[in-house]
Amino acid sequence: MDDLSGLLADTCTRLFTDRVTPALIEATEKGKWPDDLWQAVEEGGLTLPQIPEQHGGAGGTWDHAQVVLSAAGRFAVPLPIAETMVGAWLLSSAGLDVPMGPITVAPTQPSDRLSISRNGGAWALSGTAARVPWGRSAKHVVVLAESGGKLMVARVAGGAAKAEPDTNLALEPRDTLTWSNAPVAAAGTSDSLQPDSLWLAGAMVRAAQMAGGLEFLLSQSVKYVSERKQFGKPLSTFQVIQQNLALLAGHTAAAGMAAQAAFHAMEKGDASFEIACAKIRVGEAAGLGAGIAHQAHGAIGFTYEHTLHFVTRRLWSWRAEFGAEGHWAERLGREVAARGAQALWTMLTSR
Amino acid sequence: MPTFNFELHELPPEAEMLRQEVREFLRAELPNLSADERPRTWGGHSPEFSKKLAAKGWIGMTWPKKYGGHERSFLERYVVLEETLAAGAPVSFHWVADRQSGPLLLRFGTEEQRQKFLPAITRGELSFAIGMSEPDSGSDLASIRTRAEKVPGGYKVNGTKIWTSNAHLSDYAISLFRTQVVPDKKHEGLSQFLVDLRNTKGITIRPIYDLAGGHHFNEVHYEDAFVPEDARVGKDGDGWKQVTTELGFERSGPERYLSSIRLVLELLNEVGKEPGERAAVLVGRLTAHLNTLRQMSLSVAAMLQAGKSPNLEASVVKDIGTTFEQEIPELVHALIGAEPHLHTGSEFERTLGYLVQHAPSFSLRGGTREILRGIIARGLGLR
Ligand SMILES: Cc1cc2nc3c(=O)[nH]c(=O)nc-3n(C[C@H](O)[C@H](O)[C@H](O)COP(=O)(O)OP(=O)(O)OC[C@H]3O[C@@H](n4cnc5c(N)ncnc54)[C@H](O)[C@@H]3O)c2cc1C
């Protein structure tokens, strides 16, 4: 860990411990946008760690973004920090300025198509995007849209779409947004842009959030079984409990490693292999991990009162967003198979 | 709660250059090894191959030059290990000596022992076995009863060791004996010895055949066998501390997730370049696990290089690594349902045949899954 990573980790831990209380998460799940928290996170420099300074960011790397996102996952922070990072990255890679305020991105479904066209002197956006994270709360929506067969990055104001609200299991907004000739605030393009750029970046940020969520499950479960007594002694003294948590620890460690590798590859440029590996490995760990943590907590962990579910409900949603394990495994498997058996080991060792 | 320290590590350029050299060497030395021979790797015994590897300077790579070592980094050693394992090279002649016995002697041996054994190991001339387990002591290793009783000039040994891999092929077995009986303190009074398997009277080595009919492990019976004083490794009574260190060396390497990699490669040949959906999903999933385990294993090597003792991290890699390598033949079976073969059939079917039968041992050898999870649980502060 370098200095900036350490600083970011400390800032996140301090800020989230103080402010991301169960009451605050509950209030956002009921629909209240936590504006104070957003302000604090933005002022703390946590939203744009990897964006170059000339575009308004902190000038760090994707490795730094990973530190923030895993902390956000660990604390179940109810804000579109991940989406803001991805949106800002799209903007800055297209040479556009990154505005202040929460950003989200669209489309998040492979079948959704958005298009922009010239409308007099300005650009206008049309199309529908389903399950846009924080669609109704974001101040800016950054979209990947087609214009005459070309991919463009465009930014529109948050209110410019007709919004049909929906949520994921964690009651995070996942809204359907429809634009019809909505005014575009800025548009640009970049050579590195691919049709799946947004899908890949989305899978990557979810992997980091989930890896952080798993860290929470591990520490929370260890704490719980050390305090809870049954049969006259702490649960932690039962061997089967120890064995299950050791297994959770293994999956947590693997998830952390897989997420780290994806962000690091992203920083170096070509990350589709590592991102696929991470979404598969972390997603698998998330399902298993949620199962182990709930079992160790018994009935109390199944209540709304207890805080365990703030993370487990997110893990169950996030592992399916931007492609579930099966989707990425098939995609990766086809790539690996196409190269043939000879190439696999060489590929693994050259990453 | 102490957390794990897995940090991403990239290999330095000299390690990647070495990788190319190792690959060329392996291509030249192992061209005719069939697919189903390759997963044997650390069961495959070839003194000739080990000598050639030694001539390249790839045994005892990290040890001091004055003992025949090459003072190279743990990361360079890591590259040699993973390449030889992935290629399925027969490494068992030098494996234990390079991984455990040499490092143990470097740490706890006398100067005389180091000079006598280490250079010969690095030349690929000496082979070692591990004499820890006994019929009544497996996971509970500290309960061993084989007695080494002090006599003039040395010790008289009586008892039985079991599961000693390659005892019948090795020159020495570094063995754990009870030198004192300390009531109620089973971890005390244990000592390690360099037992000369070829020249010690009173030792009988009997084969134990595994379920596949193979002979690699043995029972080693001691009856009034004399072991000289200078064969003791470390201080009398320090054996427990030493074997736990030794087990640390044993648990940390890439061998703990690579045993079944040949089946993954054969699976790729089998499903072809345009697999169906189920096959593609399986291949992708296996790749994701392989890649993640490799990064974790590499991270352990980097910790060793930095002078740390990543025992906890090594236990994590061994636990999830062996679980993964055991899953591979099961998943391949579930996908393809090919009949596992022994001697006939395709290389794929024979590789499956070999691995289905050997997979149960992956989570036993070097400490069982349950014991490792106990170590991890202790690391989590649960015990
Ligand atoms: C291929 C192979 C090679 C080997 N080579 C060597 C060698 O060269 N030298 C050598 O000394 N040994 C060797 N061994 C032995 C190996 O170290 C032991 O098999 C291992 O330590 C387990 O001991 P055991 O077989 O007696 O099983 P046991 O200890 O009897 O265990 C049986 C089962 O009970 C479980 N168990 C035991 N105690 C506990 C506990 N406290 N809590 C929960 N579960 C428990 C175990 O995990 C296991 O599942 C080898 C084994 C294999 C399979």
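Q: What area is buried between chain A and chain B?
A: In this predicted model, about 4,100 Å² is buried between the two chains, and carbon and sulfur atoms give 67% of that. Buried area is the accessible area (1.4 Å probe) that two parts lose on being put together, summed over both.

Q: How many salt bridges cross the interface?
A: The rule finds two (a side-chain nitrogen of Lys or Arg within 4 Å of a carboxyl oxygen of Asp or Glu). R285(B) pairs with E284(A), the closest N and O atoms being 2.8 Å apart.

Q: Switching to the ligand: where does it lie?
A: Between chains A and B.

Q: Which polar side-chain atom lies 2.6 Å from a ligand oxygen?
A: One of T368(B). Backbone polar atoms also come in: I130(B) has one 2.8 Å from a ligand nitrogen, and S133(B) has one 2.8 Å from a ligand oxygen.

Q: What are the ground rules for numbering and confidence?
A: Residues are numbered from 1 along each chain as its sequence is written, with chains lettered from A and ligands numbered from 1 in written order. Local features need pLDDT of at least 70, side-chain atom pairs count only at pLDDT 80 or more, totals for chains, interfaces and linings use all residues, and side-chain values use heavy atoms, leaving out hydrogens and water.

How values were computed
A residue is near a molecule or strand if one of its heavy atoms lies within 4 Å of it. A polar contact is a pair of N or O atoms within 3.5 Å; within protein, one must be able to donate a hydrogen and the other to accept it, and residues adjacent in sequence count only if both atoms are side-chain atoms.
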